[in-house]
2 protein chains.
Amino acid sequence: MPRPRSAALSSPAPAGSDQAGTSTGPVRLGPGAKAALAPAAAEVRAGFWSTRREVNARISLPQGPDLLESAGNLHNLRLAAGAVEGEFRGAYPFVDTDVYKWLEAASWQLAKEPSGGLETEVERIVSLVADAQQPDGYLNTWFQLVKGGERYKDLRWGHELYCAGHLIQAAVAHHRATGRPQLLDVARKFADHIDSVFGLPGSGKEIDGIDGHPEVETALVELYRETGKRRYLELAGYFVDRFGHGLLGGEAYCQDRVPLREADTVEGHAVRQLYLLAAAADLATETGDAELRAAGERLWRAMTTTKTHLTGGLGAHHDEEDFGDPYELPNERAYCETCAAIASVQWSWRMALLTGEARYSDLIERTLYNGFLAGVSLDGERWLYVNPLQVRDGHTDPGGDQSARRTRWFRCACCPPNVMRLLASLEHYLATSDTGGLQIHQYTTGHYTGDLDGTPVAVSVETEYPWQGAISLTVEETPADRPWTLSLRVPQWCAEYRVRCGDTEYDQHDAPVADGWLRLERAWAPGDRIVLELALAPRLTAADPRVDAVRGCVAIERGPLVYCLEQVDNPGGGLDDIVLNRTAPLAVRHRPDLLGGVTTVVASGHRRRIADAGWWPYASADSEAPGTDGPPIELTAIPYYAWANRQDGGMRVWLPTS
Amino acid sequence: MPRPRSAALSSPAPAGSDQAGTSTGPVRLGPGAKAALAPAAAEVRAGFWSTRREVNARISLPQGPDLLESAGNLHNLRLAAGAVEGEFRGAYPFVDTDVYKWLEAASWQLAKEPSGGLETEVERIVSLVADAQQPDGYLNTWFQLVKGGERYKDLRWGHELYCAGHLIQAAVAHHRATGRPQLLDVARKFADHIDSVFGLPGSGKEIDGIDGHPEVETALVELYRETGKRRYLELAGYFVDRFGHGLLGGEAYCQDRVPLREADTVEGHAVRQLYLLAAAADLATETGDAELRAAGERLWRAMTTTKTHLTGGLGAHHDEEDFGDPYELPNERAYCETCAAIASVQWSWRMALLTGEARYSDLIERTLYNGFLAGVSLDGERWLYVNPLQVRDGHTDPGGDQSARRTRWFRCACCPPNVMRLLASLEHYLATSDTGGLQIHQYTTGHYTGDLDGTPVAVSVETEYPWQGAISLTVEETPADRPWTLSLRVPQWCAEYRVRCGDTEYDQHDAPVADGWLRLERAWAPGDRIVLELALAPRLTAADPRVDAVRGCVAIERGPLVYCLEQVDNPGGGLDDIVLNRTAPLAVRHRPDLLGGVTTVVASGHRRRIADAGWWPYASADSEAPGTDGPPIELTAIPYYAWANRQDGGMRVWLPTS
């Protein structure tokens with residue numbers, strides 16, 4: 001793939017700005033930021049993620065405008081602009097965000113690869129957005145068209161500031177990618193309007209309020225970074241700290257039960273919780289707020305320890321899209337909304353920058369390869385809103401957004417353009433640098449450039465990861481006489497690795513990991529080669545015994561990938577009777593023909609033959625186990641991200657062992 | 001308790017009727033019924049259920065009018081009658097049914113025990129209902145007041161016929177109990193109106209349609225039985241057979257995906273499914289429709305085999321209150337709506353009458369003692385809408401109707417008056433007779449009267465069941481020279497029993513059970529004594545291995561009772577770390593002081609001490625089990641029905657064994 005346009009990498013700061021951004025990424029750092037690490041520039045040039053991003057660029061993104069047209073989103077903008085007549089279309093007050101997220105995705109795509117066709121579409125839709133804006137800056141087609149212009153009367157469910165947030169995020173991306181001011185001007189005008197309306201009692205502002213769905217908060221921090229206007233940062237801080245004080249009735253769903261600073265676990269609607277936490281991390285980074293940082297660290301740990309599925313998926317309940325109790329991690333009813341996986345990546349990345357700790361990128365890796373990527377089909381045309389870890393034999397599906405079958409688009413179409421924007425901006429989450437060196441968080445064939453107080457350092461990477469564990473790095477750019485540290489994240493799942501620097505090889509005892517980082521400090525020279533070899537033997541994983549849903553089960557994993565059984569690969573019966581033999585060895589077979597090329601894991605097991613026990617499925621625990629073991633069979637597991645790309649049928653991540 | 005008033009037991013058939021009812025029960029038989037068994041009269045005079053019914057009669061029922069007043073239901077009736085001015089109150093189109101179900105409950109209560117105060121309240125509220133009826137018979141306060149009189153435009157969600165159904169059921173109960181015509185006249189007028197509007201295309205009726213929530217169907221069959229007017233039966237048959245043909249968009253939720261005659265499992269909203277199936281059983285009984293009977297038998301088996309919780313609770317999902325996939329039987333997210341348990345009893349009873357088979361009453365017993373009875377607090381003042389089988393340590397509850405904590409009343413208050421009407425009419429589900437004898441389905445201290453072609457037979461029963469297994473029966477009334485069969489249901493859970501007839505004792509080998517019935521054929525004489533002794537040793541129960549939610553767990557049961565651990569009885573730590581020692585013996589301790597007097601079961605176990613495993617709760621299945629076993633502890637289990645009557649805390653039915 002071509003190199004990014006220099007305009008995108010070094011778009012000039014706006015006149016009058018004191019901005020000190022270090023990358024094109026969606027997370028920059030403001031001038032006074034207290035981050036441990038700064039985002040570093042990266043390019044994905046080949047390999048696993050390059051393929052996924054090609055599908056995103058060639059299939060998913062170009063289809064966006066037609067889908068937004070047929071779903072009515074663009075029609076609503078024209079309607080609000082007075083350009084056409086008709087009725088508002090769509091079922092939700094936040095349908096504008098589908099447009100904004102697509103614009104953000106397309107902008108990140110343009111930042112790395114010019115495309116006249118895409119650029120034309122972007123500018124056409126930017127104009128629709130600009131035309132729909134009201135003179136004082138307000139913009140929300142639902143409230144303009146359906147609610148007769150009534151504003152901010154239903155902050156709990158209205159999503160007005162949420163929509164504003166996605167507009168601002170899109171505008172920042174559009175400005176960073178193209179340097180053009182049009183959408184940024186719309187966003188600033190709206191942000192200025194919001195700033196004129198919302199504030200603490202006594203501030204002279206009309207409304208002391210927050211939006212039931214956080215999003216504007218991260219967006220305002222980014223707008224601050226893009227424009228240098230500190231009042232956007234202050235407005236974000238105001239919003240973040242007003243959650244938890246009952247302004248929305250005190251509901252956990254809306255993040256209003258308890259302030260983040262006092263919370264001891266994640267709760268309520270998962271995406272709302274995670275967007276709010278991302279904003280808190282941004283604020284802690286920009287302001288050095290130690291209490292917000294501590295809250296983020298505490299809540300992240302509570303989430304990963306007790307409320308995260310093996311896939312990185314988040315959210316246990318269908319009915320409020322929310323977190324459940326600790327260790328309440330169901331399989332078939334796992335909600336694991338695709339947007340929650342995306343929000344988790346966004347929050348963890350901010351925590352990684354803030355703290356410099358590798359575990360945040362461990363979770364990002366797990367989420368990207370599993371809970372996130374399952375959200376889009378291999379052909380880029382069908383989507384999952386929820387991402388269960390089990391689909392039973394004979395599953396009957398209600399259809400709709402909460403289906404466990406892939407769908408072309410949703411009534412609530414938040415996930416597809418959210419996937420598009422994360423895939424299009426993936427390089428923003430791969431590497432960081434600090435004054436001491438460059439840190440590689442995620443491995444992909446590409447090019448990574450850090451900044452040591454103005455001195456560039458760069459390495460290129462070649463790897464077949466995640467199918468193979470070898471990662472070859474070549475120093476491309478380095479100061480001649482200044483040692484620096486190349487830090488390689490050794491993933492949390494990795495029990496064994498070797499690293500070769502030039503002719504010297506070390507194992508994990510000679511070159512131990514400290515807090516997840518393998519730190520190689522050298523006076524590097526261009527052309528220096530490092531090969532990190534992560535052992536990729538497939539493994540069986542068990543859960544904390546408090547995870548009731550998977551008692552007596554194991555999951556198959558290999559590298560960062562969680563595996564699953566699908567019915568189509570395991571004929572001769574259903575999946576619900578399968579038992580895995582945990583003492584038999586696991587075999588690995590790469591299948592270039594299958595699902596775009598995947599490495600399968602082959603295990604041994606059998607099907608349980610369960611005798612008809614009459615009409616009641618419960619019996620004395622002392623009686624013989626009902627049924628007998630069938631003959632040994634081979635069990636073929638595929639990576640979880642690739643499930644639901646063939647015919648419908650059962651699927652299981654967790655497999656009974658007896 | 002006093003005997004029922006003779007007026008209730010033998011209310012005369014209306015003039016011109018060909019009715020041949022055999023009891024005061026909510027299920028009678030029409031003149032051409034093809035039932036195997038006829039309902040028999042029963043009285044509950046003392047013991048377990050008598051206590052629960054006393055609380056219902058003295059506490060729950062008398063509080064009804066005040067609750068209906070403060071929730072606005074009675075206000076809405078006055079408003080519809082034009083007697084007052086104001087706004088409709090309540091959030092749902094079906095709030096009238098809370099009134100109707102209370103009237104039905106109060107009528108059954110009056111049928112067994114006169115009460116001037118209750119009667120005055122009943123007649124006052126009957127008048128409110130009558131006054132709210134429109135001249136052509138239509139009655140629904142939501143549509144009259146909120147929808148400007150629009151009718152039958154939203155059959156999917158409007159609940160108009162559902163409301164009509166509960167009105168009709170209440171009217172039938174009121175008429176059978178008091179002999180007064182006023183409410184029955186209201187119901188007939190509404191039923192005639194419905195009959196004039198709904199029918200097949202080509203019938204000349206305005207609408208070919210069904211209501212999204214079945215209920216009017218059983219009610220119309222009962223109205224046929226009460227009035228002898230066959231067109232009510234025909235209208236019920238029309239409605240039942242129009243489900244599954246897409247009139248409501250084909251949704252499983254509304255029972256519209258597939259006709260019952262073709263269905264192979266229960267699906268969709270559990271209460272809707274069960275009410276529809278009860279109507280199908282009524283129709284099969286009245287018309288001899290073999291296909292509907294076969295569908296009922298098939299679907300009942302599919303339900304009990306794959307979609308029923310150990311407690312008899314039904315409905316796996318919170319978000320559509322619906323059945324899940326086969327063997328999808330979660331614990332903490334079990335929905336198990338109290339109304340679904342009630343609907344299950346109603347359906348199973350109709351199947352018991354239709355087929356004569358004991359297994360239907362096995363499920364009734366299990367449901368009554370567990371999934372149903374948990375729905376009301378011991379003091380009769382607080383309710384559960386959902387009935388989970390697990391509440392975790394530190395459970396955070398969203399509150400509202402779906403709370404796992406007892407609530408004084410609900411926004412959607414369907415369950416409390418539904419509990420009241422089942423408790424008030426419980427004697428209708430206890431016994432049957434046929435030309436060959438009397439069948440006792442449920443055991444309680446009381447009096448049972450059957451009818452052998454006009455010849456009465458009666459037995460009295462004394463028992464401390466379910467705390468003790470001895471059931472003493474005395475023949476009270478019998479023809480002198482005609483042998484008949486006393487059939488005693490030996491519950492499905494019972495592995496060992498003895499029976500003594502006079503001086504002769506038999507064990508289960510000498511007097512074996514056939515299809516659940518112990519049949520004793522004799523030429524009985526008044527005063528003959530029979531003692532059935534059911535062995536009540538506590539037992540550990542395991543589930544079919546396809547029930548993923550309880551893999552590696554057992555439940556404690558004793559007799560018909562499912563047991564659970566509650567935090568308050570098991571201090572020294574939470575419940576989520578408890579492991580039961582399945583090889584240790586179980587002890588029984590009767591505790592007259594506890595929870596109104598319960599027999600507890602004491603088991604052995606330990607708490608698992610789980611070491612802090614860092615931030616990720618998943619690890620290699622080969623590693624040491626995380627944590628060690630704590631010292632042995634005594635585990636005290638209480639009957640599930642009595643949970644949530646003390647302080648909040650964890651609760652578990654299914655207990656890990658390793």
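Between chain A and chain B of this predicted model, about 5300 Å² of area is buried (accessible area, 1.4 Å probe, that two parts lose on being put together, summed over both), and carbon and sulfur atoms give 52% of that area. On the side of chain A, the residues that lose the most area to chain B are A:W615, A:W616 and A:Y618, together 17% of what that side buries. Chain A brings 59 residues to the contact and chain B brings 59 residues, where contact means heavy atoms within 4.5 Å.

The polar part of the interface comprises 32 residue pairs in polar contact, both at pLDDT 80 or more; such a contact is a pair of N or O atoms within 3.5 Å, and within protein one must be able to donate a hydrogen and the other to accept it, while residues adjacent in sequence count only if both atoms are side-chain atoms. Eight salt bridges are counted between chain A and chain B (a side-chain nitrogen of Lys or Arg within 4 Å of a carboxyl oxygen of Asp or Glu). A:D612 and B:R301 form a salt bridge through their side chains, at 3.8 Å from N to O.

Strand pairing also links the chains: β14(A) runs antiparallel to β20 (residues 618-620) of chain B over three bridges. Strands are DSSP runs of E, at least two residues, numbered from the N terminus, and two of them pair if DSSP finds at least two bridges between them. Within β20(B), B:S620 is the residue that stands opposite A:T541.

Residues are numbered from 1 along each chain as its sequence is written, and chains are lettered from A in the order in which they are written. Local features need pLDDT of at least 70, side-chain atom pairs count only at pLDDT 80 or more, totals for chains, interfaces and linings use all residues, and side-chain values use heavy atoms, with hydrogens and water left out.

Definitions and conventions. Helix = DSSP H or I, 4+ residues; strand = E, 2+ residues; numbered from the N terminus.
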